[in-house]
Amino acid sequence: MESAPPPLLTPYKMGEFNLAHRVVLAPLTRCRAYGNVPQPAHMSLYYAQRATPGGLLISEACAVSETARGSPDVPGLWTDEQVEAWKPVVDAVHAKGAVFFAQIWHAGRASLLEWQPNGQAPISSTDKSADIYPVPRRLETGEIPDIVNDFRIAARNAIKAGFDGVEIHAAHGYLFDQFMKDSVNDRDDVYGGSLENRCRFTSEVVAAVADEVGAYHLGIRLSPFADYMDCSDSDPKVLALRVIGHTLNPLGVLYCHMVEPRMRVNPDDGKLTFPHMLMPFRRAFHGTFIVSGGYDREEGNAAIAEGYSDLFAYGRLFLANPDLPARFATNAGLNKYDRSTFYTSDAVVGYTDYPFLDQF
């Protein structure tokens, strides 16, 4: 008699998408899209390696405009050339039977002058700089609708390229966090001050993208507890519940992808433990809930079994193990990832050369 599959390998219906398992490829910047144009020769292989029938893949962050770039050689979705270059990559994933969402992104102030058009200052909600980055230019109130429209156009272009949907990257200290979190937002217009105002930009983008592609093709990534790039909030729980209750649920957004707070040291035994602080958001959100944040196989299985999340997004483990669902199915050993090759420009090394189980 066959034993039941582990929870991560059980099927799940996400809206109109019938997923065969719950192991999701997390969005991972890889800096291999030279000149901000996807490179089908190696990107098709990279994503197809990690695609399985009924699997869900989320693309690396795609800039919505020239001002949105926050790393070198990241792909974009603002030109026809980029759309055409994405098409064979998406086709390669679909040929494996997987579902593919494009993550759309604006870095805001988390950018360098060399990545900005004409070396101009990066734009943000504020003129306060963060970490190693230059002083940004505070967006005028009348400019913000243009940024909202950039997301609408990028979402439209993602569907033109063949993606099944889009994920708005509203996490990790980038532009959305710069508006939402009170450690950064120091505006005195309709986009600053109150919680409602600080969430206004996020609400407007989500509504615009939902109108463009349909809420059933839309996800969002949030990291309320994170303090990346000096972005933190005095009440992250209230902030996230506001976004869920006043924007995501009323629009019927397909999924909410949330990042677990960083692991903490257990004072009793000194081991790293997960704080498991996302349950209030899981309960509040009406659609599919995806969690990411350093989980391994056992932790993911336990969390699925306990109802903590519907799906789990894996980053570094999936990067180094293109056949991660198969390895999880059999509890096979895992390749070790090489952090030094995460963001290099090599089209093979540290990108498509990690071995599969059947290569040993």
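Trainee: Is the crossing of α3 and α6 left-handed or right-handed?
Mentor: The crossing of α3 and α6 is right-handed (the near helix is turned clockwise from the far one by less than a right angle). Keep in mind that this is a predicted model, where local features need pLDDT of at least 70, side-chain atom pairs count only at pLDDT 80 or more, and totals for chains, interfaces and linings use all residues. Residues are numbered from 1 along each chain as its sequence is written, and side-chain values use heavy atoms, with hydrogens and water left out.

Trainee: OK, at what angle do α3 and α6 pack?
Mentor: About 35°, and the axes of α3 (residues 144-160) and α6 (residues 200-213) lie 9 Å apart. Axes are lines fitted to C-alpha atoms, for helices over the stretch in contact, and angles run from 0 to 180 degrees between N-to-C directions.

Trainee: Which residues of α3 meet α6?
Mentor: Among them are Ile 144, Ile 147, Phe 151 and Arg 152. From α6, the contact includes Phe 201, Glu 204 and Val 205 (contact means heavy atoms within 4.5 Å).

Trainee: Switching to strands: in what order do they close into a barrel?
Mentor: The 8 strands run β3-β4-β5-β8-β9-β10-β13-β14, with parallel pairing. On average, neighbouring strands of this sheet are turned by 25° against each other, direction ignored. Helices (H or I, at least four residues) and strands (E, at least two) are DSSP runs, numbered from the N terminus.

Trainee: How many bridges do β4 and β5 have?
Mentor: β4 pairs with β5 (residues 99-105) over 6 bridges, in the parallel sense, and Leu 56 stands opposite Val 99 there. Two strands pair if DSSP finds at least two bridges between them.

Trainee: And what about β3 with β4, how many bridges there?
Mentor: There are 2, again parallel, with β3 covering residues 23-25. Val 24 has Leu 56 as its bridge partner in β4. Leu 56 therefore turns up in both pairings, facing Val 24 and Val 99; strands of a sheet pair through backbone hydrogen bonds.

Trainee: How many residues of β4 are buried?
Mentor: 8 of 8, across residues 56-63 (buried means under 20% relative accessible area with a 1.4 Å probe, protein chains only).

Trainee: How many in α1 are buried?
Mentor: In α1 (residues 40-49), 7 of its 10 residues are buried, including His 42, Met 43 and Tyr 46.

Trainee: What covers them in α1?
Mentor: The cover includes β3, β4, α2 and β5.

Definitions and conventions. Buried means under 20% relative accessible area, exposed over 50%, partly exposed in between (1.4 Å probe, protein chains only).
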